[in-house]
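Have the model open as you read along.

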Amino acid sequence: YDEVVPEFEFVENDKHAITSHQDYLLFLDSSNSLIKQIATKIATESCESGSRVCQAKALFYFVRDEFDYVSESDEYIETAEEVLITGGSDCDGAAVLLANLMQSIGIPAQFAFVPRHVFVQVYLDEALNKYKTEDDWINVDPTCRYCDFGEIPGKYADIEIEIVSPYSYWPGASSAWVSDCRPYLTKGLHW
């Protein structure tokens, strides 16, 4: 953690008001230079081959293993920077950090909600099928210490997952439209 995250001062932030799961998209900023620098450093130091699957795994394990889970009772959602500063968060902050790290190096990420929990899904066309869900996204839960890349806790296996994606947030966007966009997702392009 100390070798990757530079020292910086904590700047007090206004309480983030979340009115729906769609509001999590407001926390995505793949152009944030600090997030991009950290993601790039982790990816390059962990993956000599440049494999996007290796890079995604490295980012997942970085957030899972280097940040403490801190249970919170309020609805304050931390930004990615706040999680970096404090070194810990609940599932909301961990998901926000992981999604931002992934997107900053061109790996498409979206939020996945189950009752009282959120995790991330990433899209890597080149990943092995064993990691993928039936719709080809890969579950990554950075607050599950015993979950590996592509796994979520068993208690969520049979629960319907609500997806909030920056790739399908336009009103009326159909799953067919998202499927038509897959060639762009595999290239890591952002809209």
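Helices (H or I, at least four residues) and strands (E, at least two) are DSSP runs, numbered from the N terminus.

This is a predicted model, in which local features need pLDDT of at least 70 and side-chain atom pairs count only at pLDDT 80 or more, while totals for chains, interfaces and linings use all residues. Residues are numbered from 1 along each chain as its sequence is written, and side-chain values use heavy atoms, with hydrogens and water left out.

**The network around R64**
- R64, D65 and D148 are linked in a network of salt bridges (a side-chain nitrogen of Lys or Arg within 4 Å of a carboxyl oxygen of Asp or Glu).
- D65 and R64 meet at 2.6 Å, N to O, and D65 is partly exposed at 39%.
- R64 and D148 meet at 3.8 Å, N to O, with D148 partly exposed at 37%.

**The R52 pair**
- A search of the whole structure finds three salt bridges, one of which joins the side chains of R52 and E126 at 3.0 Å, N to O.
- R52 lies in helix α2 (residues 52-66) and E126 in the loop between β4 (117-123) and β5 (137-140), so the pair ties together parts that are 74 residues apart in sequence.
- R52 is buried at 17%, whereas E126 is partly exposed at 42%.

Terms used: Buried < 20%, exposed > 50% of the residue type's maximum accessible area, 1.4 Å probe, protein only.
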